[in-house]
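Hi everyone, thanks for coming.

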Number of protein chains: 2
Amino acid sequence: MLHRIGKFTLEFENTPVITGYGSVAGKKESQGPMKDCFDKIYFDSRAGQDTFEQAESLFQQEALSCALKRADKSSDDVDFIFAGDLLNQCISSSFGLMGFNIPYLGQYGACSTMAQGLIMASVMVESGGADCSACVTSSHFCSAERQYRFPLEYGGQRTPTAQWTVTGSGSCIVEKQGKGVKVCRATVGKIVDMGISDLNNMGAAMAPAAAKTLTEYFKDTKTKPSDYDVIITGDLGKVGSKCLYDLLETEGVDIKSNHRDCGLMIFDLEKQDVHAGGSGCGCAGSVLCSKFIPDMLSGKYQNVLFMATGALMSPTSSMQGQTMPSVAHLVNLRSEQ
Amino acid sequence: MLHRIGKFTLEFENTPVITGYGSVAGKKESQGPMKDCFDKIYFDSRAGQDTFEQAESLFQQEALSCALKRADKSSDDVDFIFAGDLLNQCISSSFGLMGFNIPYLGQYGACSTMAQGLIMASVMVESGGADCSACVTSSHFCSAERQYRFPLEYGGQRTPTAQWTVTGSGSCIVEKQGKGVKVCRATVGKIVDMGISDLNNMGAAMAPAAAKTLTEYFKDTKTKPSDYDVIITGDLGKVGSKCLYDLLETEGVDIKSNHRDCGLMIFDLEKQDVHAGGSGCGCAGSVLCSKFIPDMLSGKYQNVLFMATGALMSPTSSMQGQTMPSVAHLVNLRSEQ
């Protein structure tokens, strides 16, 4: 059963276990600081497919396949899959996962999808509805850039606050019991909009949602940043991380010493020309599943907060002059050594 | 707790209750057979807003507000909201629901969203994670048509198999206990693609998913069509309903005598020039919440199957020559008199 702690936080009585995980990344990611972490790297941005969109679908297939293999499961063993991505109508997920023949619940949380999917997969297991469920998400620089901003051929100048969409995917298998990282608590975020309308400054748009979810989690659980080995954010990047520190400071919360942002880890900001860092569902997804889960299993970290943020606008809403509402979902993961 | 019956069906031990429901519709819907059923009708397709997209967000607000009022709840009482729509990045939901300040989990199931949202809201209540949760969905002819097909000004000729996107919204409040319609069982669908690629024939694309989910449900529960007072589909329309009958016939299942399709109910197909019927998330959403739930409460129906289908393609995937994968989610609702 699930219980509520405080006002907004869920506690998993039986702590579902992440028994499998998988990650896929692209060429640029393979040249960054995390090059040795990913399960699979595609050096061709079409991954042998006809289109970037089909390549992204393939990333989801590969990430899920790796996760299944690690959990020693076949797709028949998976009761539900929660998946989503950045593309219109989440086509990376629907086309990518079709062949697995698993009951499918499409999620839309923009770049927060890895946390949202992990929460839903864990809720389904905890509720008794599933023995085994999965989540998967992805993003692709080429498919995202041309959908959200400009044709790739245009070669638009990027602003210093712009982030680079990660080409990659991450997937987790969640089971009722087994060996692995435990899902202990979760806080589902509310939609927050502080009036940022610059499509090239997603970090600033998402930071207020992150600050809200994190402070609510700390209040609900009566814990503080130093209780955790690491506090991971999805893709706030350089600008968004700074905004988050500033916003948390007004609440008297300081996470600087144990905060890591996946968007700042996956690329070398000095050398890789990615401006404010990485972004996209595949950023938090691939970094969680290639770096943090293995680090928890090896004993480097034991008590971790993983929070992914998403900006919930569309090019249509932006062109109509609307600002960018955002959301942040948080999961507390633990490993026992 | 949730239990599994058979291979794919969930049974809700404590049967969460739909304690509130609300529906909103547009002008064309107000001229159809269901004109007296809706809670609120907007005769202006912009509903006083600047854009069709903002109008659609307003529909979600109004549908949720009606549902909250019927359940005698305020937004503060709602622990989670599950919402989604047809627009890119589900902006009707994110912009529409922002002001309610409810923890938000975006869903993408295309036209199956009403069933998906209702399942997830019920799972969250059954799991103990929520005392009260909500779901809401919407569609708008003008925002959908220009995003999926042609600019409205183009006035394209419609094929006989084309469906007319419903302008409307539906919302349910689900609680642990109370007076109302009970959520008893659910079957989450798998992604099915039988190779239909005609964007103007969604019914045919979705029918195989509906047939699969329905036959799995009957197998799992060892029940048959005549055990139910009515079997509701979301928006198969004229073509899709016929396809569903044909597909079910090969399985020896006949639902003709107690099948109703929301897409065939909301418009007068002879008089309203809608070709094969209504479609869109708002079709199943508004018909469930304006007609079937009230009919269950009045005692007209007691044991009902509500199954909404969704086509999971995007204009991008269609233009890239891909076919249309679909999904169907089913909920068994009961009322006790």
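This is a predicted model: local features need pLDDT of at least 70, side-chain atom pairs count only at pLDDT 80 or more; totals for chains, interfaces and linings use all residues.

Helix H6 of chain B covers residues 202–221 and helix H7 of chain B covers residues 237–249; their axes come within 8 Å and cross at roughly 40°. That angle is why we call H6(B) oblique to H7(B).

Who does the touching? On the H6(B) side, the residues include Gly203(B), Ala207(B), Ala211(B) and Leu214(B), and they face a set in H7(B) that includes Gly240(B), Cys243(B), Leu244(B) and Leu248(B). Sorted by class, this helix contact has 12 nonpolar residues, 3 polar ones and no charged ones.

Let's move on to the two chains. Here 49 residues of chain A are in contact with 49 residues of chain B. Among the elements of chain A that each supply at least two residues to that side are strand E1 (2–5), helix H3 (91–97) and helix H4 (113–126). The chain A side has 25 nonpolar, 20 polar and 4 charged residues.

Finally, a look inside chain A, which is divided into domain 1 (16–175) and domain 2 (183–334). Their C-alpha centres lie 18 Å apart, and 51 residues of domain 1 are in contact with 50 residues of domain 2. On the domain 1 side, H4(A) gives the largest share, 7 residues. That side divides into 24 nonpolar, 21 polar and 6 charged residues.

Note on methods
Residues are numbered from 1 along each chain as its sequence is written. Chains are lettered from A and ligands numbered from 1 in the order in which they are written. Axes are lines fitted to C-alpha atoms, for helices over the stretch in contact, and angles run from 0 to 180 degrees between N-to-C directions. Helices (H or I, at least four residues) and strands (E, at least two) are DSSP runs, numbered from the N terminus. Angles under 35 degrees count as roughly parallel, over 145 as roughly antiparallel, 65 to 115 as roughly perpendicular and the rest as oblique. Two residues are in contact if their C-beta atoms, placed from the backbone, lie within 7 Å. Ala, Val, Leu, Ile, Met, Phe, Trp, Tyr, Cys and Pro count as nonpolar, Asp, Glu, Lys and Arg as charged, and the others, Gly among them, as polar. Domain bounds come from an automatic or database domain assignment.
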